[in-house]
Structures are given as structure tokens and as C-alpha cells.
Amino acid sequence: MIPVILLLGPQRYFSHGPFTPLTCAITSTPRNHTFAPLNPDLPYDSTWERNINVTVPGCQTYPLHGYAIAEMEHLMRAFLHNFKVGDEVGAQLVAYIDGKKVVDVAGGYKYWGKQVPYNEDDLQLVFSTSKSVTSLIVAWMVDHGYVDYDEKVVTYWPEFGQGNKSDVSISDVLGHRSGVTWVDEPVSPKVALDADALATIIERQPHNFKGETVQAYHAVTRGWILNEIIRRVDPAHRGASDILSQDILPTVAAKISEAGGIPPEFYFGVPDSELPRVTPLIGPPIPWFLYHLLLPARMQRDPVPSVMADAVLSRSSPPHKSLIKSFKTNLMKGIWPYSYNDPDILKGKNGLSYGGVTNARSIGTLAAYLAGNGTFNGHTLLSASTLATALEQLPQMEDSVVGFPISFTKGGWGKFDFFGLDMEGKVISPRTIGGWYGWMGSGGSMMFFHPQRNLAFTYVMNGARPGSLGDRRCRDLLRAFLEAYEAMEDRKIATASE
């Protein structure tokens, strides 16, 4: 492969998306990696609820299937565009407006180089998108009176207070301010299966910042801390995985089934019976990754984000300690993301920050509840008052891992005010600036909701790109969704004024 790349010239090869087949990179013209304008030759039937194929000239054909309302044509073209430029292997996309599902599609393949279609119900590890569901579980616990966001962790877990951690609150943990951004005793996937062992490691870990309140993204530790708190307060001492599978999802499934829908699936700990349904993660080719990692950002249009570069290249940096050092995956299983295909990770119940396995359809349903202020299809999962408390914004702080300010809510979701802007900072519409909550996973997945406008948007894929706060694919798709939504709203206003 490398000799072919050298023969072609680096610029020719690396100008394609990371998942462009090598034969395509050799024979086809590199595609524009910007979102707009979209290629007009992409097929789309605005009334479709069936299978279609997208053929990239000189490359291959990608199957796409599912459902989308006609008004979401713009979003569908953006979704297809990602395949055409080599940014996808397989992907799922779901969107809701006012509690109505307007998009539920999947496309591409489960495996790179094998033409097995990627379907809407295939399961996928979603990395830190798991944190959005963990925040939902904690909100449910708050709603039922088990914990309080403002209470100190030591109220429920006295041993946590060792090492200058006694003043840490539940909302501090959710907002990445607990002082346990990393652990000095690295955890392996085998150790992560043992909740008691994890609790002991957390207990004896000194505060990373000597008791000072510092926001520093907890890539893996947030879930370990929250899981132990949940075990302490639950009368049966169950962890978050069991609360979700035994208390939360069954009530949701019953109501969804009554309405003729598909019950959601979300696993912290995939049962053996469901492991064959999990699609393996696929990473970029090593030459592509190294090129974008090592070449100065000013010399390329798709650089690896600095937080990821620091995590890989600087062993003393906070990103390395948070993202890599604290959780030592088995390199015999491969490098990232292949190491996360490890059955010990997929079957582990304690990886609340990184180990959720689901699909876009399922987290779309959960996001629809949050978008509806806790209620979806007439069923209330969370009280509106608890969700309102959970969405109260914590004071914004510079994040010492990510390297720029991030707003978190008391309940642990990120709060984002920039998705009403295009990629050049131009305002799309005042109606959709601000009000977005949720989180994204390393590799690209996303679970977002907008309670003010009752919008929900979820995206899951198997082609994982190194990135922070998702990546260009999910942000472009969300922007296309907003543009399509704004066009719908404008038509309503125009019709009403006639």
C-alpha cells in the first residue's frame, strides 16, 4: 500500500477521505471536503421509504435505506455526501421534530472491504456519546430522590473524600470538575470489569489539582465515579447498567411498543447473545492518520485536533493522562479504535463514559424524551422540573484537557450555542442559535437535543476518525438538519401570512 501511495504522490492520496478505497484514490479525482455545495448528481427520491444505491464514479456503490420526509432532502444529501467523499464506511442517522421522527436512515457497510450492508438496527460502540445516556440515568436517579446534584459525593460514598476530594459535588463529577480527570494507577479492560476494584482505585487517587476546582475532561473516569455513587444509593446496590436495563428501558419499551414503535436498545455490557450484532469499529489507514497527525495544521485542511495530537505525542500532557493513560486498552487487539472491539470492553458494565453500545435509532428515542422536556409520545420519563434543574448551566471554564472553554450543565450534558452558525460563523437563523444539549463521542457519534424547539438529532458510525467533540461529519450533518428545519419553519410562516 505504501509504495502505491508514494508513487501517486502524498497529496493525491491524502486529499481523499480516510475511508476511500485505495483503488478509488488511484483512479478518481479527489472530492471537495467542504459541505456546500453538495454534488447535484447524488440520487434522492424525496418520498422514499426504500433502498437506494449511491455510486461513486470510479469507486464503489454504497447502499442506503430507511425513511426520510421530503423536507429533509437537504439533510439526506449531506448524509450521502459523506459517503461520496470517502468519510464513511457505515453510518446511521435519526432526527425528530416535535416528537415526530423525520429521518431514520442507514447506509454503507459493516466491514471495510466486505459488502455487508450496515443497517438501522446494527449495534455500535459510541465512545463518549455514552455520557449523554449516563447523564440521563443520573437525572432519573435525581427524579426518584436517590441523589441530589448539589450534594457532596462523600455523603453517599465517604471513602471518596481521601486525597483532598471531600468537597467534590455530584454536579462537579458530571461537569468534569471532580479532580479525578485521570488515575495514576492505569486500569485495564479486565480490571474495569470489577466495580469494587475501580472504586478502590478512585478512592485512593489524590485530587489531580490539589483540591482546586479545575475543569478537565474526564474521558473515562467520570463514569467509574458515577457508577459507584449509583451503587451506593440504589437499595439493591445495582450499578447504572442494571438501573438502565431493569428500570428505565423497560418502561420506555412498553410505551414505544404500544405506539407501534421499535423499543430502544442501549447496553453498558452487551449480553453474549447480542455480541454478533455489534459492528466493529474501523480506523483510518495508518499512513493517512500519521500524515494528518504529523503535518502542521496550517498545511492541511483536515488536521488531527490538537487535543488528540497531544494525547498521542505528549505523555505528560493532560490529554494523554485523561484519554490514554487512565485506561490501558489491550494493544494485542490493535491500536485505537480497534482496541475497543475487545469483548472485555463491549461486555463490561462499568464503562459509563466510553462503553455504551447502541444505534442511532435507540439514542434518537432517548433524545426525543429529552427534547420533549422529559416526555415523548405522552409518556413521561423525567419530570420537567428535574430536567430543568439538570440543564442549569455551570459557570463556564477553560477545559485543561480539551484546551478551550466548554459549557456543561449541572446534569452533565454539554451546552452548545454555536450550531446556529455555519462553518464560517454566519448566522443561519436566530431561532436555532443556542439551546442545544448533549455530547459527542471520539470517532464522530453524536446525541443532541433542543428542548426549546423540541428537536432531537443522533448520528452513529463505524468509521472512527480521531477527533474531539465529534468531527466534521456530525457537525455538518447537524448544520444541514438545522438548515432543513429552518426552511420548514419559514414555509410555515409564509403560509400563515398568506
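A salt bridge is a side-chain nitrogen of Lys or Arg within 4 Å of a carboxyl oxygen of Asp or Glu. The legends below describe a predicted model, in which local features need pLDDT of at least 70, side-chain atom pairs count only at pLDDT 80 or more, and totals for chains, interfaces and linings use all residues. Residues are numbered from 1 along each chain as its sequence is written, and side-chain values use heavy atoms, with hydrogens and water left out.

**Figure 1. Salt bridge between Arg361 and Asp104.** The closest N and O atoms of Arg361 and Asp104 are 2.8 Å apart. Arg361 belongs to helix H15 (residues 360-371) and Asp104 to strand S4 (residues 100-111), so that distant parts of the chain, 257 residues apart, are linked. Helices (H or I, at least four residues) and strands (E, at least two) are DSSP runs, numbered from the N terminus. Both partners are buried: the relative accessible area is 15% for Arg361 and 7% for Asp104. Buried means under 20% relative accessible area, exposed over 50%, and partly exposed in between (1.4 Å probe, protein chains only).

**Figure 2. Salt bridge between Glu265 and Arg277.** Here the closest N and O atoms are 2.7 Å apart. Glu265 is in the loop between helix H10 (240-258) and S7, and Arg277 is in the loop between S7 and helix H11 (286-294), so the pair ties together parts that are 12 residues apart in sequence. Arg277 has 24% relative accessibility and counts as partly exposed.

Figure 3. Glu489 and Lys492 meet through their side chains at 3.3 Å, N to O. Glu489 counts as buried at 13% relative accessibility, whereas Lys492, at 45%, counts as partly exposed. A search of the whole structure finds 29 salt bridges.

**Figure 4. Aromatic pair Tyr340 and Tyr354, with its cluster.** Rings of Phe, Tyr and Trp (its six-membered ring) pair if their centres lie within 6.5 Å; planes under 30 degrees apart count as stacked, over 60 as edge-to-face and the rest as tilted. The structure holds 24 aromatic pairs. In one of them, the ring centres of Tyr340 and Tyr354 are 6.4 Å apart and the planes stand at 75°, so the pair is edge-to-face. Tyr340 is in the loop between helix H13 (318-325) and helix H14 (343-346), and Tyr354 is in the loop between H14 and S8, 14 residues apart. Tyr340 is buried at a relative accessible area of 7%, and Tyr354 is buried at 5%. Phe127, Trp224, Phe327, Trp336, Tyr340 and Tyr354 form one aromatic cluster.

**Figure 5. Aromatic pair Trp436 and Phe448.** This pair is tilted, with 6.3 Å centre to centre and 45° between the planes. Trp436 is in strand S14 (residues 436-440) and Phe448 in strand S15 (residues 446-450), 12 residues apart. Trp436 counts as buried at 0% relative accessibility, and Phe448 also counts as buried at 0%.

**Figure 6. Surroundings of Val154 and Phe160.** Val154 is found in helix H6 (residues 153-156) and is partly exposed, with a relative accessible area of 23%. Leaving out residues up to four places away in sequence, Val154 touches Phe160, Gly161 and Ser166; contact means heavy atoms within 4.5 Å. The C-alpha atoms of Val154 and Ser166, 12 residues apart along the chain, are separated by 6.2 Å. Lys165 lies over the face of Phe160, at 5.1 Å from the ring centre. A charge sits over a ring if NZ of Lys or CZ of Arg is within 6 Å of the ring centre and within 35 degrees of the ring normal.

**Figure 7. Open sheet of strands S6, S8 and S7.** The three strands follow the order S6-S8-S7 with antiparallel pairing. Strand S6 (124-125) and strand S7 (266-267) are the edge strands, each pairing on one side only. Two strands pair if DSSP finds at least two bridges between them; two bridges join S6 to strand S8 (residues 357-358). Gln124 stands opposite Thr358 in S8.

Figure 8. pLDDT is the predictor's confidence in each residue, from 0 to 100. The mean pLDDT of the protein is 87, and 86% of its residues reach 70 or more. Where pLDDT is low, the predicted coordinates should not be read in detail.
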